[in-house]
Amino acid sequence: MSDKDLARYRLEVDDGLRSIFIEIMDGLAAKNLAAPDLDAELEIERFYALIDGLAIHAVLRPEKMPADLMRRTVYRHLQSLCRPSE
């Protein structure tokens with residue numbers, strides 16, 4: 001993060017992740033799956049923060065953040081973005 005020689009790569013990763021989250025929000029809206037009061041701009045940032053945080057925890061404390069827990073966390077987050085089942 002502080003290495004200036006790697007800054008370009010960090011920006012590329014950041015832009016790539018952000019575009020994935022935008023695609024997810026656009027996809028939920030296009031398929032009419034998004035919760036009616038969804039604030040897409042806010043949710044893009046929240047999703048990014050979640051993934052970023054999970055990645056940091058997985059690197060720093062892998063015994064506390066196994067892959068299955070990360071999957072379940074992301075799944076629960078995605079459910080929170082969707083309209084309730086009828």
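Core first. I looked up the largest nonpolar core and found eight residues in it: Phe21, Met25, Leu28, Ala34, Ile44, Phe47, Tyr48 and Leu81. Such a core is a set of buried Ala, Val, Leu, Ile, Met, Phe, Trp, Tyr and Cys residues joined through side-chain atoms within 4.5 Å. Helix H1 (7–30) and H2 each supply at least two residues of this core. Helices here are DSSP runs (H or I, at least four residues), numbered from the N terminus.

A note on what I'm reading: this is a predicted model, where local features need pLDDT of at least 70, side-chain atom pairs count only at pLDDT 80 or more, and totals for chains, interfaces and linings use all residues. Residues are numbered from 1 along each chain as its sequence is written, and side-chain values use heavy atoms, with hydrogens and water left out.

Next, Leu28. Setting aside residues up to four places away in sequence, I see Leu28 touching Leu33, Ala34, Leu81 and Cys82 (contact means heavy atoms within 4.5 Å).

Then the helix pair. H2 (residues 40–60) packs against H3 (residues 67–81) at about 170°, axes 11 Å apart. That makes H2 roughly antiparallel to H3 (an angle over 145 degrees).

Last, His77, which sits in H3. Is His77 buried or exposed? His77 counts as buried because its relative accessibility is 7% (buried means under 20% relative accessible area, with a 1.4 Å probe and protein chains only). Beyond its neighbours within four places in sequence, His77 is in contact with Glu43, Arg46, Phe47 and Leu50.

Terms used:
Axes fitted to C-alpha atoms, helices over the stretch in contact; angles between N-to-C directions. Parallel < 35°, antiparallel > 145°, perpendicular 65-115°, else oblique. Buried < 20%, exposed > 50% of the residue type's maximum accessible area, 1.4 Å probe, protein only.
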